[in-house]
Amino acid sequence: MFGKNQNLENESSSVDTIIGPSVSVEGNFKGDGNIIIEGEVKGSLKTKGYLKASETSVIAASIVAGDAEIAGQLTGNIKVKGALEIKNTAIIQGDLEAQAITVAHGAVINGNLKMKAEVTEKIYSEDETKADN
Amino acid sequence: MNYYICDTFTNRKKYQKQLSKIELLLANLGIGGKLCRLTVLKNIESLLEEAMEEGAENIVAVGNDQTVSKVANLIMNKKITLGIIPIGEGNLLAPALGINSAEEACRILSARKVKKLDVGQINEQYFLLGLESADDNIVFNLENYNINPLPNNEAVGLYNINISNYNFRSNPGDGIMEAVFAPKEKTFWQKLWHKKEESLPERISVFPIKKMTIKHRKNPVTINIDRQRTVKSPAEVTVLKNQLRVIVGKGIKQKSIAIQC
């Protein structure tokens, strides 16, 4: 499995699904393992593992993943449990949610970014108790 | 009791010396049994029926992948263990199971290390190696999604064991088969046009599959089963986990070539 700081190149043999440039996937794709996308996906995509969408990927789907790296076109919301890395070639139309987000210079994002939900909740609760006192 | 079923092609003169050597080696190892040769008059169904009536425990396919596939199809759901002695051309399964030669196969049969392998079922037929089609009119319909190959595909397959030339992982004992879509190689002019991408080969697509329906877009497509039989789409495919008991070698090769990113 891929850790947050590991990249797919080093762990390439543990890739379970590859959606290459010669196929189009339509529907609700659900997997447990690591996924590489280089082709077309329409619908929704869920995985507990690592998701890598390369430059050639064209995704019109909502994504839920463990960790993710986006370098292609994405139309839809993405929710990542761990780290989300947006490459400079990425064009995203949708909301992003992750514990940690890295955005490269040149990436296009049209949507809301939401990070570290647990931390934000903590701050709010601290503020509320101060106000009560 | 061991039953050795020799395929029709092993009756050719060039295999006689090898067969005699194998018979001698089996006798020396103390695992000699009934050796049956398939002929035009003796078909595999009647031979296997006879073997089962006589209470055979191990049936050994002496021949190539086609022989193994034929035998495996007939002994499914029966309390029989399959052995393999590879002879002739077209043996991809035996090396994948750690059986590299006929002589080594005899010693492996003697050691009798049994492994349960997955078997695929397509409609009413079983397959051990995989399914293949060269028609990109095919559609893989899974429970929640469809996989549609684009027109630039060269071959489509579903593999239990990686018998193809493509690089992907396959394990015949994990209850999962790999659906593989391989794009056509770029022509010289395409490579020249996209000079930057020349060094990057078109990547194959790989999907883990347990159950699916093979459909078609316009006309029914021909699906090759274990490279010896064909069936037309639509067809229901199911992976039956650990369904066939096979005598294997020590080092089963799980063709596991790293997929380059």
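Two residues are in contact if their C-beta atoms, placed from the backbone, lie within 7 Å. With that term in place, I turn to the structure.

This is a predicted model, in which local features need pLDDT of at least 70, side-chain atom pairs count only at pLDDT 80 or more, and totals for chains, interfaces and linings use all residues. Residues are numbered from 1 along each chain as its sequence is written, while chains are lettered from A and ligands numbered from 1 in the order in which they are written.

I begin with chain A. It holds one helix and 15 strands; helices (H or I, at least four residues) and strands (E, at least two) are DSSP runs, numbered from the N terminus. Of its 133 residues, 36% are buried, meaning that 20 or more other C-beta atoms lie within 10 Å of the residue's own.

Next, the strands that link the chains. Strand S2 of chain A, residues 23-31, runs antiparallel to strand S9 of chain B, residues 145-149, and five bridges join them. Here Val25(A) stands opposite Ile147(B). Within chain B, S9(B) also pairs (at least two DSSP bridges) with S8(B), residues 138-141, in the antiparallel sense. Ile147(B) is the bridge partner of Phe140(B), and three residues lie between the two strands of this hairpin.

Finally, helix H5 of chain B, residues 102-111. Its buried residues include Ala102(B), Ala105(B), Cys106(B), Ile108(B) and Leu109(B). They lie on the same side of H5(B) because they cover an arc of only 165° around the axis, taken from the directions from the helix axis to the C-beta atoms. Their cover includes H1, S3, S4 and S16 of chain B. After H5(B) comes Arg112(B), with a positive phi near 50°.

Conventions:
A residue is buried if 20 or more other C-beta atoms lie within 10 Å of its own, exposed if 12 or fewer, and partly exposed in between; C-beta atoms are placed from the backbone.
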